[in-house]
Amino acid sequence: MAYLPRTLEAFARRASREFPVLLVTGARQVGKTTLLRRIREARRTYVTLDDPGALALAREDPALFLQRFQPPLLIDEIQYAPGLLPHIKMMADESGLKGLFWLTGSQAFELMHGVSESLAGRVAVVRLMGLTLAEARGEGRFAKPFPSGVTRRRNAEERIGLRELYRRIWRGSFPAMSANRAPSPELFYGSYVQTYIQRDVRDLARVGDEAAFGRFVRACAARTAQLLNLSDLARDAAISVNTAKAWLSILETSGLVYLLEPWHSNVTKRLVKTPKLFFADTGLCSHLTQWSSPETLEAGAMAGPILETWAVSEIVKSYCHAGMRPPVYFYRDKDQVEIDLVIVRDGAMHPVEIKKTASPTASDARHFSRLDGFGLKVGRGTVLCLVDTDLPLTKNAIAMPVSWI
């Protein structure tokens, strides 16, 4: 099975040279273990806490566990034995060496609480998501965060048409699905949902009503790329608003959903301050909303929101995989004027619209001027759409193929 290089590799190596502990977090099946095992040195021992014997020892006698498995050490699924973290801290402090421990883990509440309590100042936490389009093409090493750069394939003759784009969106970005190595999406995502609910949620988050949680997850998927409305989500799942809020935090912490915060400042009070809800993986989102094929998805009611979800996810991943916090927001004011994305970088605001059209016009960039007056420079705006190549729309805005991000 061919390995697809991940953009995060370079940052992970650099972080390991600067910190005694490296923690790679992210949802299940995004390739955390594969990445670290790929770049690890020959002398670094690997142990997984999916092994019942190793897990029992880590929980019952963490000191003995770390005598048996000595650093440099890669521990997989650290969230199952958070009691190891204080002992890892002591060993890191005593040795003073860098790169002693590499850890992977889903972002369970207990894990992140233990990391902040025990390893503050000693750990580099990096986030891995599903494959970007560049990584799926084998060009992860050359990818750069949008809008500062694009991959080498930007000028290649191969272009992604409508059918291929929605095929990729429908299959999703989990490595097994994106690289066509998994069985049918129905089998893969059906198993994924069952495993996630029965193992991670029940055991780690202690959700009592699995059926209600399943309804809640599907309701979230149906509302991807929409303003968050906890009351509607609670009603659809037949739960309280407080429960919906808690469960949404579980999905966010586990890396399955992403809350895009609105841009706001002290300059005006006319801006909406409710976040937008996005699913991190469009394949899982498509499965949960029961689209049976890329063709039905592209022609259906979710074609626009799922394209926006995919584009936002690609941009967020491009920053996370470069070891950066995604500087992305959306704009919406009390007049319901909205800009899909505002990327704030190097003292400039870059407005982005995402449109399911192959014939963009200057009207698609008409709201970009709303960003004037916030005290930051407004950079060139971009309309991401289905054109074949970039073309100017206005003096300060261009249209660009969405696949170039």
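**A loop proline and its surroundings in a predicted chain**

Pro147 is found in the loop between α7 (133–136) and α8 (162–171), where helices (H or I, at least four residues) and strands (E, at least two) are DSSP runs numbered from the N terminus. The model is predicted, and local features therefore need pLDDT of at least 70, side-chain atom pairs count only at pLDDT 80 or more, and totals for chains, interfaces and linings use all residues. Residues are numbered from 1 along each chain as its sequence is written, and side-chain values use heavy atoms, with hydrogens and water left out.

With a relative accessibility of 33%, Pro147 counts as partly exposed, a class that falls between buried (under 20% relative accessible area) and exposed (over 50%), as computed with a 1.4 Å probe and protein chains only. When its neighbours within four places in sequence are left aside, Pro147 is in contact with Tyr319, Ile343 and His350, contact being defined as heavy atoms within 4.5 Å. Pro147 and Ile315 are separated by 168 residues in sequence, yet their C-alpha atoms are 8.7 Å apart in space.

Helix α16 comprises residues 303–320. This helix has 18 residues and reaches 26 Å from its first C-alpha to its last, close to the expected 26 Å at 1.5 Å a residue, the expected span being 1.5 Å times one less than the number of residues. The helix is mostly covered, with 16 of the 18 residues of α16 buried.

Ser173 lies in a further loop, between α8 and α9 (175–178), and at 9% relative accessibility this serine counts as buried. Residues up to four places away in sequence not being counted, Ser173 touches Gly130, Leu131, Ser178, Tyr189, Asp281 and Lys317.

For the chain as a whole, the secondary structure comes to 16 helices and 15 strands. The radius of gyration is 22 Å, close to the 22 Å that the globule rule gives for 405 residues, so the chain is as compact as a globular protein of that length; the radius is taken over C-alpha atoms, and the rule is 2.2 Å times the number of residues to the power 0.38. Along its principal axes the C-alpha trace spans about 65 × 45 × 45 Å, and buried residues make up 57% of the 405 residues. Of the contacts between residues at least 6 apart in sequence, 67% join residues at least 24 apart.
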